Amino acid sequence: MFLTNNFTLRALAIAQIYKQRWQVELFFKWIKQHLHIKAFYGTSENAVKTQIWIAVSIYALVAIVRKRLGLQASLYQILQILSLTQFEKTPILQALQEMDCNNNLGDVCNQLNLFDL
């Protein structure tokens with residue numbers, strides 16, 4: 001059951017609005033979880049909108065990079081790599097290719113073994 005104060009719309013229209021709203025909620029939940037918006041830095045409307053637009057821009061840019069490079073990794077994994085290498089002089093292509101090497105458990109790139117078995 002959906003509650004509304006708009007009595008001119010049909011029930012089906014109200015249900016469709018709720019369905020679309022849920023998709024928006026899921027999108028912002030993903031942004032909060034993966035782009036680390038836990039709190040807003042400013043309290044003004046402009047500050048909040050600016051921080052949200054920055055997060056949306058980052059999401060779009062990472063999605064474009066993933067698509068153009070044909071990466072199989074999730075957006076979250078790519079964001080993790082980028083956050084770890086943001087102050088390094090490693091080219092982005094090299095950092096993302098090393099990610100593929102690190103994902104293979106059998107192929108340990110530069111990992112030392114604690115125990116020689």
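Leu 69 is found in helix α2, which spans residues 45-69, where helices are DSSP runs of H or I with at least four residues, strands are runs of E with at least two, and both are numbered from the N terminus. At 37% relative accessibility, Leu 69 counts as partly exposed, given that buried means under 20% relative accessible area, exposed means over 50%, and partly exposed lies in between (1.4 Å probe, protein chains only).

The model is a predicted one, in which local features need pLDDT of at least 70 and side-chain atom pairs count only at pLDDT 80 or more, while totals for chains, interfaces and linings use all residues. Residues are numbered from 1 along each chain as its sequence is written, and side-chain values use heavy atoms, with hydrogens and water left out.

**Overall organisation**

The protein chain has 4 helices and 0 strands, so that the order of its elements from the N terminus on reads α-α-α-α, under the DSSP assignment. Of the 117 residues in the protein chain, buried residues make up 15%.

Together with Ile 92 and Leu 93, Leu 69 forms a nonpolar patch on the surface, with about 240 Å² of accessible area together. Patches are made of residues with over 30% relative accessible area and no salt bridge, like charges being joined within 9 Å and nonpolar side chains (Val, Leu, Ile, Met, Phe, Trp, Tyr) within 5 Å; the areas come from the Shrake-Rupley method with a 1.4 Å probe, and for residues only the protein chains shown count as cover. Ile 92 is found in helix α4, residues 92-103, and counts as partly exposed at 42% relative accessibility. Ile 92 and Leu 82 are 10 residues apart in sequence, and their C-alpha atoms are 7.9 Å apart in space.

**The buried side of helix α3**

In helix α3 (residues 75-84), Leu 75, Ile 78, Leu 79 and Ile 81 are buried. They cover an arc of only 160 degrees around the axis, which puts them on the same side of α3, the arc being that of the directions from the helix axis to the C-beta atoms. Ile 78, with a relative accessible area of 0%, lies 12 residues from Arg 66 in sequence and 7.9 Å from Arg 66 in space, C-alpha to C-alpha.

**Salt bridges**

A search of the whole structure finds 2 salt bridges, a salt bridge being a side-chain nitrogen of Lys or Arg within 4 Å of a carboxyl oxygen of Asp or Glu.

| Salt bridge | Helix | N to O distance |
|---|---|---|
| Arg 21 and Glu 25 | α1 (residues 11-34) | 3.5 Å |
| Lys 49 and Glu 45 | α2 | 2.8 Å |

Arg 21 and Glu 25 are 4 residues apart in helix α1, which means that about one helical turn separates them. Lys 49 and Glu 45 are likewise 4 residues apart, about one turn of helix α2. An α-helix has 3.6 residues a turn, so residues three or four places apart point the same way. Glu 25 is partly exposed at 38% relative accessibility and Lys 49 is partly exposed at 46%, whereas Glu 45 counts as exposed at 54%.

**The largest pocket**

About 320 Å³ of space lies in the largest pocket. Of the 14 residues that line the largest pocket, the closest to its centre are His 34, Leu 35, His 36, Ile 54 and Ile 58, and the elements that give two or more residues to the lining are α2 and α3. On a 1 Å grid over the protein atoms alone, a pocket is an open set of points where a 1.4 Å probe fits, with protein on both sides within 12 Å along at least five of seven lines, and lining residues have an atom within 4 Å of a point.

How values were computed:
Grid points are joined across faces, edges and corners, and a volume is the space filled by probe spheres set on the points.
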